[in-house]
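Take a look at the protein below. Then read on for a short tour of its fold.

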Amino acid sequence: MKTAQVENDKIVIKEVEDINLNGRKGAIVRVLGCGLCGSDIVKFREKIVNNGAVLGHEIVAIIDEINSETNFKKGQRIVSSHHIPCGECIYCKHGNVSMCEHFKSTNIRPGGFSKLVYLSEEHLKNVAHLVPNNMTNEEISFYEPLGCCIRAIKRCNLIEGDKVLVVGLGSIGLLMGEGIKAMGYKAYGCDLIEDRIALAGKMGIESYNSRNLEEFDKIIQEQSGGIDAVFMTSGADKALDVALKVVRKGGKILVFSSTPKNTGYPNNEIYYKELTVMGSYSPSPKDLKESFDLLTSYKVNVKNLTTVYPLEKIQQAFEDTVSNKIFKAYIKIS
Ligand SMILES: [Zn+2]
Ligand SMILES: [Zn+2]
């Protein structure tokens, strides 16, 4: 079977032996396609994974072989995520499911950018769903990324009428904006790239250029003393200044990406403005189910976000994503 593997500074296509269940519980699925996540790019660029690693976790697939107590059947089209929390450890008990050791150790094998993937029984029971016939593969491939956004929004405990600013309008920022709207809050956005600002505006996310936030800031300050929560989907250090400028007293800053210089938020701002700065990383099965429901009911719009690449062009997909040429790459595998 074909797989895309990390090899030094490239992603290369390698033929490896087909996988099968071999008596195990779970399913072997034929991957139709897999979204390229920002975290895949970080893992590749920062050399967090070794040579031979198969990245990708946002899969849409057809069940090829199955041995399971669930109702899934051979031939069905499903969507699945990759990690499952244990539900019992100190992290799980406190709601930090993505810090759970079991969560981190569970994965789809070898990885989403592969013709065939093994899903364990645990995956089938907790994070896999049957895709409705009317949905395209590209649309439902937002299942896991939207799940990440939903968890972030829920962690902020927003109340009705709250205003949220999404800093960074790449695919995840736009998806976050869509999630914020779908969950009943007011979404604003900012970015440096005009095309992104325009697309966000079309999607109903009132958006501004980050270089020129004075007017927006003035209006918001007059209305409600600032933004209730700022979501940092941009990995730029400068975005921290934007967040501190617009967040209201007692507001929240939700950290949703890494920054190159690992700069922090100043102690005194957090203290005197009584800010809450918190992170959100990866979704729980419950967030994923909400994501699935929002996507399949079309309450979240993911149209015009994806660019499709065949598996052979995966290197190009990585490059185009890094250079902001596209919003979101979907790798078509079969
Ligand atoms: Zn992802
Ligand atoms: Zn746990």
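The report starts with the whole chain and ends with single residues.

## About the model

This is a predicted model: local features need pLDDT of at least 70, side-chain atom pairs count only at pLDDT 80 or more, and totals for chains, interfaces and linings use all residues. Residues are numbered from 1 along each chain as its sequence is written, while chains are lettered from A and ligands numbered from 1 in the order in which they are written.

## Overall build

The protein has 13 helices and 15 strands. Helices (H or I, at least four residues) and strands (E, at least two) are DSSP runs, numbered from the N terminus. The C-alpha atoms fill a box of roughly 65 × 40 × 40 Å along the principal axes.

A compact globule of 334 residues would have a radius of gyration near 20 Å, and the protein agrees, with 20 Å. That radius is taken over C-alpha atoms, and the globule rule is 2.2 Å times the number of residues to the power 0.38.

Of the 334 residues, 46% count as buried. Buried means that 20 or more other C-beta atoms lie within 10 Å of the residue's own; exposed means 12 or fewer, and partly exposed is in between, with C-beta atoms placed from the backbone. Two residues are in contact if their C-beta atoms, placed from the backbone, lie within 7 Å. Among contacts between residues at least 6 apart in sequence, 66% join residues at least 24 apart.

The domain assignment gives domain 1 (2–142 + 305–332) and domain 2 (149–279). Such bounds come from an automatic or database domain assignment. The C-alpha centres of the two domains lie 29 Å apart. Domain 1 gives 7 residues to the contact, and domain 2 gives 7 residues. On the domain 1 side, 4 are nonpolar, 2 polar and 1 charged. Here Ala, Val, Leu, Ile, Met, Phe, Trp, Tyr, Cys and Pro count as nonpolar, Asp, Glu, Lys and Arg as charged, and the others, Gly among them, as polar.

The largest nonpolar core has 95 residues. Such a core is a set of buried Ala, Val, Leu, Ile, Met, Phe, Trp, Tyr and Cys residues joined through C-beta atoms within 7 Å. Helix α6 (residues 143–155) supplies the largest share, 7 residues. Why does the core lie between domain 1 and domain 2? Both domains give residues to this core, so it lies between them.

V167, V230, F231, A243 and I331 have the most contacts inside the core. Beyond four places in sequence, V167 touches residues including C190, V230, F231 and A243.

Most residues other than glycine have a negative phi, and most peptide bonds are trans. The peptide bond from R109 to P110 is cis, with omega near 0 degrees. P110 sits in the loop between α3 (101–105) and β6 (116–119).

N157 has a positive phi of about 45 degrees, yet is not a glycine. Its loop runs between α6 and β8 (163–167). N157 is exposed, with 10 other C-beta atoms within 10 Å. Y298 also has a positive phi, near 60 degrees. Y298 lies in the loop between α12 (285–296) and β14 (306–310), and counts as exposed, with 12 C-beta neighbours inside 10 Å.

How many of the 11 residues of helix α9 (residues 214–224) are buried? The count is 0. Just after α9, G225 takes a positive phi of about 75 degrees.

I19 belongs to the loop between β2 (10–15) and β3 (26–35). Setting aside neighbours within four places in sequence, I19 is in contact with I28, L116 and Y118. I19 and L116 are 97 residues apart along the chain, but their C-alpha atoms are separated by 6.9 Å.
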